[in-house]
Amino acid sequence: MPLIVAQVSDAHLGPRTTVFQANMARIESVLHAAPPQALVASGDVSLDGADRDADLSFAAAAFRRMAGSAPLLAIPGNHDVGSDLRSMPGQPVNAARLARWQAEFGADRFVRDLDGPGGEAWRLIGLNTEIMGTGLAEEAAQAAWLVQALAGLGRRRIAAFLHKPVFVNGPADPFDSWSVPPEARPALAPLLDHKALRLVASGHLHLHRTERRGEVVFAWAPPASFICEPEIQAGLPGDRLGGFLRHTLHADHVETECVCPTGLRAPFLEEVRAETYPHPT
């Protein structure tokens with residue numbers, strides 16, 4: 001039997017996000033009925049954890065309940081710890097915000113080996129994209145850590161998880177707020193060029209898309225919260241729907257399925273603006 005890894009992204013949870021809490025309950029019901037071998041929370045778990053302790057702790061409790069007995073592997077998004085100054089000048093990622101994440105979720109990156117009953121052997125690697133391109137000491141530390149995380153693989157295949165995708169259209173994409181800054185992509189080369197890599201799964205875009213490049217599947221997770229109006233995502237490909245991803249890890253390849261639980265509702269951002277990210281007054 002192959003390994004199953006569930007990926008829930010962009011939940012944007014906080015005490016006041018009633019629609020999103022209902023969505024999480026529906027996803028939780030699906031996962032508890034058929035538990036995965038691991039649950040990956042791929043960022044923006046909280047509505048405004050970068051500034052609100054209550055949002056981050058609320059999200060941590062929700063994801064722990066959802067994981068049940070499965071290991072919870074979490075990485076932060078821009079709404080959890082801030083980001084590059086160019087993307088979020090009002091909430092730059094810094095040591096204090098990273099420390100608050102670590103107090104609730106542990107490390108901001110992960111490595112986990114999973115073995116299946118049929119001989120499947122995988123290494124799951126999660127990275128913090130919000131420090132990439134910042135020049136912070138944590139960025140260099142993570143790059144060095146990644147080299148170590150890729151050591152001693154043996155016959156294992158690699159599934160990588162990020163908040164922001166490495167790129168939207170291709171590795172030569174210029175800077176934007178949607179993907180890893182171009183100057184930070186070379187540090188990912190040991191991972192992206194690795195012959196054992198089979199999956200790169202991300203979130204952030206509130207769009208679902210899968211693309212195969214050689215033997216590697218690049219998957220964008222749908223949001224567990226809201227979708228964005230097309231006019232604020234001009235030129236971005238993908239499907240606007242809510243749900244989560246179920247990754248089935250076989251011996252040498254991945255099958256990725258988008259799961260949209262019955263009753264889950266992903267409203268447009270403007271519909272829930274008042275309880276999420278109100279316009280400045």
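The lining of the largest pocket splits into seven nonpolar, eight polar and three charged residues, with Ala, Val, Leu, Ile, Met, Phe, Trp, Tyr, Cys and Pro counted as nonpolar, Asp, Glu, Lys and Arg as charged, and the others, Gly among them, as polar. All of this comes from a predicted model, in which local features need pLDDT of at least 70 and side-chain atom pairs count only at pLDDT 80 or more, while totals for chains, interfaces and linings use all residues. Residues are numbered from 1 along each chain as its sequence is written, and side-chain values use heavy atoms, with hydrogens and water left out.

The lining of this pocket is made up of 18 residues, and Asn78, His79, Trp178, His204 and Cys228 are the ones that lie nearest its centre. Its volume comes to about 420 Å³. A pocket here is an open set of points on a 1 Å grid over the protein atoms alone, with protein on both sides within 12 Å along at least five of seven lines; a cavity is a set where a 1.4 Å probe fits but cannot get out, and lining residues have an atom within 4 Å of a point. Points are joined across faces, edges and corners, and a volume is the space filled by probe spheres set on them.

As for cavities, there is one of 30 Å³ or more, and the largest cavity has a volume of about 100 Å³. Its lining includes Pro165, Phe167, Arg209, Glu211 and Trp220, and divides into eight nonpolar, two polar and two charged residues. Strands β7 (197-202), β8 (209-213) and β9 (216-220) each put at least two residues into that lining.

Those three strands belong to an open, mixed sheet of six, ordered β4-β5-β6-β7-β9-β8. Strands and helices are DSSP runs numbered from the N terminus (E, at least two residues, for strands; H or I, at least four, for helices), and two strands pair if DSSP finds at least two bridges between them. The edges are held by β4 and β8, each with a single partner strand, so one side of each has no neighbour in the sheet. From one strand to the next, the twist averages 15°; axes are lines fitted to C-alpha atoms, for helices over the stretch in contact, and angles run from 0 to 180 degrees between N-to-C directions. Helix α5 (residues 137-149) packs on this sheet, touching β4 and β5, and its direction makes about 180° with that of β5, contact meaning heavy atoms within 4.5 Å.

Within the sheet, β4 (residues 110-115) and β5 (residues 121-126) are antiparallel and share six bridges, with Phe110 partnered by Gly126. Five residues sit between the strands of this hairpin, and Gly119 takes a positive phi near 95°. By contrast, β6 (residues 157-161) runs parallel to β7 over four bridges, and Ile158 faces Leu197 across that pair.

A second open sheet, also mixed, has five strands in the order β3-β2-β1-β10-β11. Its edge strands, β3 (72-75) and β11 (254-259), each pair on one side only. Neighbouring strands are turned by 20° against each other on average, direction ignored. Helix α2 (residues 53-67) packs here against β1 (3-8), β2 (38-42) and β3, its direction making about 155° with that of β2. Strand β10 (residues 244-249) is antiparallel to β11, with six bridges, and Phe244 has Val259 as its bridge partner.

Finally, zero disulfides turn up, a disulfide being a pair of cysteine sulfur atoms within 2.5 Å. For Cys258, the nearest cysteine sulfur is that of Cys260, 4.0 Å away.
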